[in-house]
Amino acid sequence: MAEDSQFGTRFLTDPERTFEHNSWDNVALTPEDITNAQLAIEKQRNHPVQHPCLYTENPSQYWDSFYSNHTDRFFRDRHWFSHEFPELLQPNITVLEVGCGVGNSFFPLLEENPSAKVFACDFSQTAIQTLQTDPRYPQ
């Protein structure tokens, strides 16, 4: 862990900043939060995936369907590399991102470290086509 790590010092006091970091320290759950989590767990327990091997035998089909429906509007860009993975900010680093989706990790990484060389791949051709149309995609 980096010497300038902020773990143990990040407290969420402003809900507008929820997605500023990958994680927060000592987040207190309200009774409503706990009830909602328990309900979600129970729902998943009572309605398991019926044919889980379908998702592992042909994952690209399901990820293509996911990205056809959501394009680049589902996951948020991850702007926390300098806090969580400072080693990725080394000059001229080479990174392989497996499961890059539509670039929600590597576009912010390239913004923070323009000298990085990023190789990215995904099961979904739809995701790759979507990220290639992003104006941040290097031509």
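A: Helices (H or I, at least four residues) and strands (E, at least two) are DSSP runs, numbered from the N terminus. Helix H3 covers residues 59-70, and Trp-63 and Phe-66 are three residues apart in it, so about one helical turn separates them. The model is predicted: local features need pLDDT of at least 70, side-chain atom pairs count only at pLDDT 80 or more, and totals for chains, interfaces and linings use all residues. Residues are numbered from 1 along each chain as its sequence is written, and side-chain values use heavy atoms, leaving out hydrogens and water.

Q: How many aromatic pairs are found in the whole structure?

A: Rings of Phe, Tyr and Trp (its six-membered ring) pair if their centres lie within 6.5 Å; planes under 30 degrees apart count as stacked, over 60 as edge-to-face and the rest as tilted. The search finds seven pairs. One of them, Trp-63 with Phe-66, is edge-to-face, at 5.4 Å centre to centre and 75° between the planes.

Q: Is Phe-66 buried or exposed?

A: Buried means under 20% relative accessible area, exposed over 50%, partly exposed in between (1.4 Å probe, protein chains only). Phe-66 is buried at 17%, whereas Trp-63 is partly exposed at 36%. Phe-66 also pairs with Phe-75: the centres are 5.8 Å apart and the planes at 40°, so this pair is tilted.

Q: Which residue in the loop between H4 and strand S1 deserves attention?

A: Most residues other than glycine have a negative phi. Asn-92, in that loop, has a positive phi of about 60°, and is exposed at 59%.
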